[in-house]
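Hi there,

Here is the structure I promised to pass on. Have a look at it first, and my notes follow below.

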Amino acid sequence: KQRSLNVWLKQQSKLAKRWLMIAVGLGVLSSIFLLGQAALLATILHQLIIEQVDKYELVPYFLGLVVTVAARAACSWGRELAGFNAGKEIRVYIRQLIFDKLRELGPAYIKGKPAGAWATLTLE
């Protein structure tokens, strides 16, 4: 039963495919920025420690590091937002399915269970 529910839920995820693709894309972009950040940090440390370059000559590298950190933060924020919107679309659709089914079953069926059970079902 659990497997069939997982398959059904994966089918529902197609509704939010756009948001999921945005979240994945931002995750990949964040990884690329992470690689750039690591390269900048390695270059800065190499220049400072090994080659003993004056730190004022490395200002562009430090600015690049600040930009990559900010870009990764923006990607993370966007990824969270896209993930939330994907979940929201799926939740709204599934709730509508539940309400349609309850409307189809009618008031006699609904009255057979406590109101708290229905509230829990629609909120989860």
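A residue is called buried here when its relative accessible area is under 20%, exposed when over 50%, and partly exposed in between, using a 1.4 Å probe and protein chains only. Please keep in mind that this is a predicted model, where local features need pLDDT of at least 70 and side-chain atom pairs count only at pLDDT 80 or more, while totals for chains, interfaces and linings use all residues. Residues are numbered from 1 along each chain as its sequence is written, and side-chain values use heavy atoms, with hydrogens and water left out.

Let me start with helix 2, which covers residues 17-50 (helices are DSSP runs of H or I with at least four residues, strands are E runs of at least two, and both are numbered from the N terminus). Gln37 sits in helix 2 and counts as buried because its relative accessibility is 16%. Leu34 also belongs to helix 2, but Leu34 is partly exposed, because its relative accessibility is 42%. From the C-alpha of Leu34 to that of Val24, 10 residues away along the chain, the separation is 15 Å.

What does Gln37 touch, leaving aside its neighbours within four places in sequence? With contact meaning heavy atoms within 4.5 Å, the partners of Gln37 are Leu65, Thr68, Val69 and Arg72. Thr68 lies in helix 3 and is buried, because its relative accessibility is 10%. Not counting residues up to four places away in sequence, Thr68 is in contact with Phe33, Gln37 and Leu40.

Now for how the two helices pack. The axes of helix 2 and helix 3 (residues 59-105) are 8 Å apart, at an angle of about 160°; axes are lines fitted to C-alpha atoms, for helices over the stretch in contact, and angles run from 0 to 180 degrees between N-to-C directions. Helix 2 and helix 3 are therefore roughly antiparallel (over 145 degrees; under 35 is roughly parallel, 65 to 115 roughly perpendicular, and the rest oblique).

Finally, helix 3 by itself. Its 47 residues span 69 Å from first C-alpha to last, close to the expected 69 Å, which is 1.5 Å times one less than the number of residues. The buried residues of helix 3 include Leu65, Ala71, Cys75 and Gly78. Gly106 follows helix 3 and has a positive phi, near 90°.
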